[in-house]
Amino acid sequence: MSTINDVSRLAGVSKATVSRVLSGSRGVKEASRLAVLKAAEELNYRPNVIAQSLLSQSTGCIGVICAQENINQSTAYLYALEKQLSQHQKHLLLRFASSQVEVQNALDELSCGLCDDVVIIGARFELDVPHENVIVVDCMDADASNSIQFDHAFAAETACNYLISQGRRQIAVITPTANRFAEHILLGYKLALENNFLPFNRNLVFMENSISSLVALQMLMNNSTTLNFNALLVADELEAQRVITQLQAFNKQVPKDIMVFSLAGSLNLPGVPAIPAIEYPVEVMAARIVKWLTQEPQSTPVPQLMRGDLIVP
């Protein structure tokens, strides 16, 4: 079994430098860091994590609380985040939560010596957590200083501009969530209509929290004043899958009769039509999170806004 002395000799650096690199400490030259990582990989060296944590007063673990329902998107986030963390010799400790209480319980558990920092992803409910050593990503708690938020207004505006360029001028919106995201989506929607000299029809917009997307779609289809809509914006690919199935039940072809657009994530399923979408680069998001976690503390951290990319079939 290889030791730290073996890594030190192969990399041509001191044992102290090897220790600093493998513990994720700062202040090591990039050339030395790369030499140590290469040597450790060649020798298949695995440091004693417990001993490291006792010496550095650091666990080397980052807690991740995944609070979103979209399992496909969650998997992409976690894969990208683990990949980025491993490059800094840090490990991911995962918890799932579907309510504010569950998030708080997970945060209490992870913060009691298990992790150095915590990342909360995708909460669609208000968060009431201290933000020291906590980063929130795509959560409703958009006022947090340590937050990475998606630009939902830009996504809606981009979506509408694309649909209008495809001759779809009667655009309906279904985002049945009474939160800030809905307000941002509505803002981008209105801006696109205004810039394209199209009137705003309140009957085409469903943002009530008390009804599901399927009920909203049924109301759209049964309303004589909205029967001519030929495009539909939905929150994400899960909602897109649901509404496409219901549209087909109404004998509506997608995208021939109604073009469905996902505002977060594309839809790639057998038997389901490919649809345009906004996708957020998870690798970029993961890199930003890890940079935030590993850089020197900032005196005045500020929220970061991330724009997605237009994906068309």
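What we have is a predicted model, in which local features need pLDDT of at least 70 and side-chain atom pairs count only at pLDDT 80 or more, while totals for chains, interfaces and linings use all residues. Residues are numbered from 1 along each chain as its sequence is written, and side-chain values use heavy atoms, with hydrogens and water left out.

An open sheet of 6 strands runs in the order β2-β1-β3-β4-β5-β11, with parallel pairing; strands here are DSSP runs of E, at least two residues, and helices are runs of H or I, at least four, both numbered from the N terminus, and two strands pair if DSSP finds at least two bridges between them. Because β2 (91-96) and β11 (304-306) each have a single partner strand, they stand at the edges, and one side of each is left without a neighbour in the sheet. From one strand to the next the twist averages 20°, where axes are lines fitted to C-alpha atoms, for helices over the stretch in contact, and angles between N-to-C directions run from 0 to 180 degrees.

Strand β1 (residues 61-66) is joined to β2 by 6 bridges, and Val 64 has Leu 94 as its bridge partner in β2.

Turning to β6 (residues 171-174), Ile 171 and Val 173 on one side and Ala 172 and Ile 174 on the other are all buried, that is, under 20% relative accessible area with a 1.4 Å probe, protein chains only. Strand β6 runs parallel to β8 (residues 231-234), with 4 bridges, and Ile 174 stands opposite Phe 206 in β7.

Definitions and conventions: Buried < 20%, exposed > 50% of the residue type's maximum accessible area, 1.4 Å probe, protein only.
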